[in-house]
Amino acid sequence: MNVKLIRMSSGEDLIADVIVDDDECDVLIVENAIVGFPSGEGTLGFAPWSPMISKTQKEIEIKRQFVVYVAEPDEQIVEQYGKMFGKVITPTKKLVL
């Protein structure tokens, strides 16, 4: 995963897996984009960035003109993101020894 913090010109801070960062086309393509919000007592909550988008659409194209900056998120944020979207493969059969 290539998890980045993306500050949008609208003021939103996105956490997303950046799939394509193409300067020539002036776009970022991301998947699993979420926004962080204060949830009280110094903690952060997370919500989907675009909750009304189709569940079948995995990637979102963002035009660079709407991006203020792209940065490395805090390690704890990356860890939490990994827990939410990490691809853990579980075996189909359990072996009992």
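Sixteen residues line the largest pocket, and those that lie nearest its centre are Asn-32, Ala-33, Pro-48, Ile-53 and Gln-57. The structure described here is a predicted model, and the volume of this largest pocket comes to about 360 Å³. By class, the lining is made up of eight nonpolar residues, together with four polar and four charged ones. Strand β3, which spans residues 27-40, supplies the largest share of that lining, namely four residues.

Strand β3 also takes part in a hairpin with strand β4, in which two residues stand between the strands. The pairing of β3 with β4 (residues 43-48) is antiparallel and runs over six bridges, and Gly-40 is found opposite Thr-43 of β4. Within the turn, Glu-41 has a positive phi of about 50°.

Turning to the aromatic side chains, the structure holds one aromatic pair. This pair is formed by Tyr-81 and Phe-85, whose rings are tilted, with 4.8 Å from centre to centre and 45° between the planes. Both residues belong to helix α1 (residues 75-85), where they are four residues apart, about one turn of the helix. The accessibility of each partner is listed below.

| Residue | Relative accessible area | Class |
|---|---|---|
| Tyr-81 | 1% | buried |
| Phe-85 | 23% | partly exposed |

Tyr-81 counts as buried because its relative accessibility of 1% falls under the 20% cut-off. Phe-85, at 23%, is partly exposed because this class covers values between 20% and 50%.

Technical notes
Residues numbered from 1 in each chain as written. Predicted model: local features only at pLDDT ≥ 70, side-chain atom pairs only at ≥ 80, totals over all residues. Heavy atoms only, no water. 1 Å grid on protein atoms, 1.4 Å probe; cavity = no way out; pocket = protein on both sides within 12 Å on 5 of 7 lines; lining within 4 Å. Points joined across faces, edges and corners; volume = space filled by probe spheres on them. Nonpolar A, V, L, I, M, F, W, Y, C, P; charged D, E, K, R; others polar. Pairing = 2+ DSSP bridges. Phe/Tyr/Trp six-rings, centres within 6.5 Å; stacked < 30°, edge-to-face > 60°. Buried < 20%, exposed > 50% of the residue type's maximum accessible area, 1.4 Å probe, protein only.
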